[in-house]
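Please examine the sequence and the structure shown below. The report that follows describes selected features in turn.

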Amino acid sequence: MGIIKTKGIVIGTANSSDNDKVLTILTPDLGKISAFYKGAKKGNKSALNSSEYLSFSNLLIYKSPNDNYSINSAELIELFYNLRIDVEKLSYATTISKIIYDVTEENIPAYDVLQLFLNTLYVISESEKNLDLIYCIFRIRLLAILGFLPQVSKCVKCGLQMKEDMEEFYFSIKEDGVLCNTCSRLDKSVIRLSKTTFSALIYVLSCDSKKIFSFDIPQGAIDELKLFTKIYTTSKLDKEYEIMKI
Ligand SMILES: [Zn+2]
């Protein structure tokens, strides 16, 4: 109860009246919350910006005795302006936001998910990096944060160690990890990955959170990673996330 000081990014908005909004906000400590923002549509510029979809702000939030949240004040940190003037970038950001919406809950802290989300929006907004590659990296890392960590160092079936000089790798969706050449022949859910794509996968799963976007791979490897990530994400989240048309 009382006043809570936190930060949050708006992942959903609804008009409550001519002047007010109800925002869905992802915060690090409270998880995903719904908060009433009185005067959001008639306040000063900061209030207007802070109530925009995908804006990130410092927040003072009041929690009522019956656990309803309302925003006392908001101070904009980042608007991700470039997302708003580029339809393609916005469509990727919107799809990512939808996934974030689906995997977060109230009262479940979301420090790592929020950090990944902000990093991803920043790279989309401020760089010209391949959007499909960004979208792959985001989903692989998000699933890892949510606890889905595939086995990539040795064969899931027989334990044979993978070697760096191998030219291709076989990933089993069913077994959730790599298979050696022999075991891969018995698994119909296998996806073949080139050395480059497999190295990218290992990098995204294991590197420092600030460096996940610090690499590039050729278009052929991006296409492979796209196919892998699509099947892998659908198998873990039981839902397909195609890039939304805006
Ligand atoms: Zn094996």
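A74 counts as buried because its relative accessibility is 14%; buried means under 20% relative accessible area, exposed over 50%, and partly exposed in between, with a 1.4 Å probe and protein chains only. This residue lies in strand β5. Helices (H or I, at least four residues) and strands (E, at least two) are DSSP runs, numbered from the N terminus. Leaving aside neighbours within four places in sequence, A74 is in contact with Y37, S46, S50, N58 and L59, where contact means heavy atoms within 4.5 Å. By contrast, A74 and E175 are 46 Å apart in space, C-alpha to C-alpha, and 101 residues apart in sequence.

The model is predicted: local features need pLDDT of at least 70 and side-chain atom pairs count only at pLDDT 80 or more, whereas totals for chains, interfaces and linings use all residues. Residues are numbered from 1 along each chain as its sequence is written, and side-chain values use heavy atoms, with hydrogens and water left out.

**The chain as a whole**

The protein chain has 8 helices and 8 strands. Its C-alpha atoms fill a box of roughly 65 × 40 × 30 Å, taken along the principal axes. Of the 246 residues in the protein chain, 48% are buried. Among contacts with a separation of 6 or more, 62% are between residues 24 or more positions apart.

**The barrel**

Strand β5 belongs to a closed barrel of 5 strands, which runs β1-β2-β3-β5-β4 with mixed pairing. From one strand to the next, the twist averages 50 degrees. Axes are lines fitted to C-alpha atoms, for helices over the stretch in contact, and angles run from 0 to 180 degrees between N-to-C directions. Two strands pair if DSSP finds at least two bridges between them. The table lists the pairings in the barrel.

| Strands | Sense | Bridges |
|---|---|---|
| β1 and β2 | antiparallel | 6 bridges |
| β2 and β3 | antiparallel | 7 bridges |
| β3 and β5 | parallel | 2 bridges |
| β4 and β5 | antiparallel | 8 bridges |
| β1 and β4 | antiparallel | 8 bridges |

Individual residues illustrate these pairings. V10 stands opposite I25 in β2, and I9 has F56 in β4 as its bridge partner. L26 is partnered by K32 in β3. S70 in β5 is the bridge partner of F36, and Y62 also stands opposite S70.

Several connections between the strands are hairpins. β4 and β5 form a hairpin with 5 residues between them, and D67 in the turn has a positive phi of about 65 degrees. Strand β2 is largely enclosed by the rest of the structure, because 6 of its 7 residues are buried.

**Helices on the barrel and the nonpolar cores**

Helix α3 (residues 87-103) lies across β1 (2-15), β2 (21-27) and β3, at about 125 degrees to β1. Helix α4 (residues 111-126) packs on the sheet and touches β1, β2 and β4 (56-63), its direction making about 50 degrees with that of β1.

A nonpolar core is a set of buried Ala, Val, Leu, Ile, Met, Phe, Trp, Tyr and Cys residues joined through side-chain atoms within 4.5 Å. The largest one has 60 residues, and those with the most contacts inside it are I9, L26, I100, F117, L201 and F228. Helix α5 gives the largest share of this core, 11 residues. Beyond its neighbours within four places in sequence, F117 is in contact with I9, I11, L26, L54, I96, S97 and I100. Another core, of 15 residues, lies apart from the largest one and includes V10, L23, L59 and I61.

**The zinc site**

Which residues are the protein donors of the zinc ion? They are C155 (SG), C158 (SG), C180 (SG) and C183 (SG), lying 2.3 to 2.4 Å from the ion. Donors are N, O and S atoms within 2.8 Å of the metal (3.2 Å for Na, K and Ca); water is not among the atoms, so sites may look incomplete. In sequence, the donor residues are spaced C-x2-C-x21-C-x2-C. C155, in the loop between α5 (131-145) and β6 (168-172), and C180, in the loop between β7 (177-179) and α6 (181-184), are 25 residues apart and link distant parts of the chain. Both C155 and C180 are buried.

The arrangement is tetrahedral because the 4 donor atoms around the zinc ion subtend angles of 100 to 119 degrees. Four donors count as tetrahedral if all angles lie between 85 and 135 degrees. The ideal angle for four tetrahedral donors at a metal is 109.5 degrees.

How values were computed
Tetrahedral: all angles 85-135°; square planar, octahedral: opposite > 155°, others 65-115°.
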